[in-house]
Amino acid sequence: MAGKDEASMFAVALFIGAFAAVPMSVQSIGVCYGVIGNNLPSRSDVVQLYRSKGINGMRIYFADGQALSALRNSGIGLILDIGNDQLSNIAASTSNAASWVQNNVRPYYPAVNIKYIAAGNEVQGGDTQSIVPAMRNLNAVLSAAGLSAIKVSTSIRFDAVANSFPPSAGVFAQSYMTDVARLLASTGAPLLANVYPYFAYRDNPRDISLNYATFQPGTTVRDQNNGLTYTSLFDAMVDAVYAALEKAGAPGVKVVISESGWPSAGGFAASADNARTYNQGLINHVGGGTPKKRQALETYIFAMFNENQKTGDATERSFGLFNPDKSPAYNIQF
């Protein structure tokens, strides 16, 4: 989608109750496919579900051969994570990176539409020092193989950005992100960012309204530094990432939202109504971009399924748009 006109046309054309199928393609929305559950459909059934609902973007969190095989000739655009357990290995040498590409990219591409390779997801601590070497090694291998159309990035937690309010004050919290940003600028790859207004709202409901966090009207926030006004927390968070990229010397790097979502159960403000409101708002909103960047924002909703074996907070098991039996967790117009 190129802008608001197409976004509104899309909203009319894709009026679909409960994900009913429509044979149209929208480039800016995908859904993350996590598999931490013991009751999920087969990989081939999942790909068929994506296709039947008109979902044409997917993210997978490791080089899952069964999923990659099922994706052949589906047309679904893919974010392929290397898996954090592979990061240091790929960072260690180009030969290790070449082996990974040989095993996990070459057998599938271009029949599988691999758009981005994520060198790590929400990498923390000392492991962050492996991100840039891993990205460089993967870039070198892909370039040598004539596969440089596949862009290499990394997926960050939002707390990689400090001073996120007002949005124009956003700056990367640690210096390694400046190196990441400049490498992305040199290759034309986007920065993958996981952006969750839910967690910001949950942690500070006194200062953040539910409406502002879920794309509902009623709150307007003005950035005094640049005069831009915000009616959604999501936009403010994304523009803080853009501001951080500018300060890192990479103003031309695009942002792809590699995860965003809202849980339907398991914790504060986690309900089917709030999840529906947020995710429907996200779907309807991202075609128009943000106040700082009025261009379609490629976005991947987290997640396709409720995953019953995820650890941590109870909400982690309730981010799915679908139940394991493939029924919608709540009705939404995709």
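Let me say at the start that the model is predicted. I will begin with the chain as a whole and then go through single positions.

The protein chain has eleven helices and twelve strands. Its radius of gyration is 19 Å, close to the 20 Å that the globule rule gives for 334 residues, so the chain is as compact as a globular protein of that length. Along the principal axes, the C-alpha atoms fill a box of roughly 55 × 45 × 40 Å.

On burial, 52% of the 334 residues count as buried. The accessible surface of the chain is about 13,300 Å², and carbon and sulfur atoms make up 47% of that surface. If we take contacts with a separation of 6 or more, 68% of them are between residues 24 or more positions apart. As for charge, there are 24 positive and 23 negative side chains, with the centres of the two sets 5 Å apart.

Now the core. Which residues have the most contacts inside the largest nonpolar core? They are Ile117, Leu138, Phe172, Leu191, Phe234 and Leu245, in a core of 108 residues. Helix H10, residues 233-247, gives the largest share of this core, with ten residues.

Next, a residue in a loop. Leucine 71 sits between helix H3 (65-70) and strand E3 (77-81). Is leucine 71 buried or exposed? Its relative accessibility is 1%, and the cut-off for buried is under 20%, so leucine 71 counts as buried. Beyond residues up to four places away in sequence, leucine 71 touches Val47, Met58, Ile76, Leu78, Ala111 and Val112. Take valine 47 from that list: it is 24 residues from leucine 71 in sequence, and the two C-alpha atoms are 6.4 Å apart.

For contrast, here is another pair with that spacing in sequence. Valine 253 and threonine 277 are 24 residues apart along the chain, and their C-alpha atoms are separated by 30 Å. Valine 253 is in the loop between H10 and strand E11 (255-260). With a relative accessible area of 4%, valine 253 is buried. What is valine 253 in contact with, leaving aside its neighbours within four places in sequence? The list is Ala181, Leu184, Ala185, Ala189, Pro190, Leu191, Tyr242 and Leu245. Two names there, Leu191 and Leu245, came up among the core residues with the most contacts.

Lysine 293 lies in the loop between helix H11 (272-285) and E12. At 21% relative accessibility, lysine 293 counts as partly exposed. Between lysine 293 and glycine 125 there are 31 Å, C-alpha to C-alpha, and a sequence separation of 168 residues.

Staying with helix H11, arginine 276 is found there. Its relative accessible area is 29%, so arginine 276 is partly exposed. The C-alpha atoms of arginine 276 and serine 264 are 8.1 Å apart, and the two residues are twelve apart in sequence.

Last, the backbone. Most residues other than glycine have a negative phi, and most peptide bonds are trans. I have some exceptions to show.

Where are the cis bonds? One runs from tyrosine 109 to proline 110, with omega near 10°. Proline 110 is placed in the loop between helix H5 (94-104) and strand E4 (113-121). Another joins phenylalanine 165 and proline 166, with omega about -5°. Proline 166 is in the loop between strand E6 (161-162) and strand E7 (171-172).

Then the positive phi values. Phenylalanine 215 has phi near 65°, and lies in the loop between helix H9 (210-213) and strand E9 (221-222). At 16% relative accessibility, phenylalanine 215 counts as buried. Lysine 326 has phi near 80°, and is in the segment after strand E12 (299-301). With 35% relative accessible area, lysine 326 is partly exposed.

That covers what I wanted to show.

Methods
Residues numbered from 1 in each chain as written. Predicted model: local features only at pLDDT ≥ 70, side-chain atom pairs only at ≥ 80, totals over all residues. Heavy atoms only, no water. Helix = DSSP H or I, 4+ residues; strand = E, 2+ residues; numbered from the N terminus. Rg over C-alpha atoms; globule rule 2.2 N^0.38 Å. Buried < 20%, exposed > 50% of the residue type's maximum accessible area, 1.4 Å probe, protein only. Contact = heavy atoms within 4.5 Å. Areas by Shrake-Rupley, 256 points an atom, 1.4 Å probe, with all protein chains shown as cover. Lys, Arg positive; Asp, Glu negative; His and termini not counted. Charge placed at Lys NZ, Arg CZ, Asp CG, Glu CD. Core = buried A, V, L, I, M, F, W, Y, C linked by side-chain atoms within 4.5 Å.
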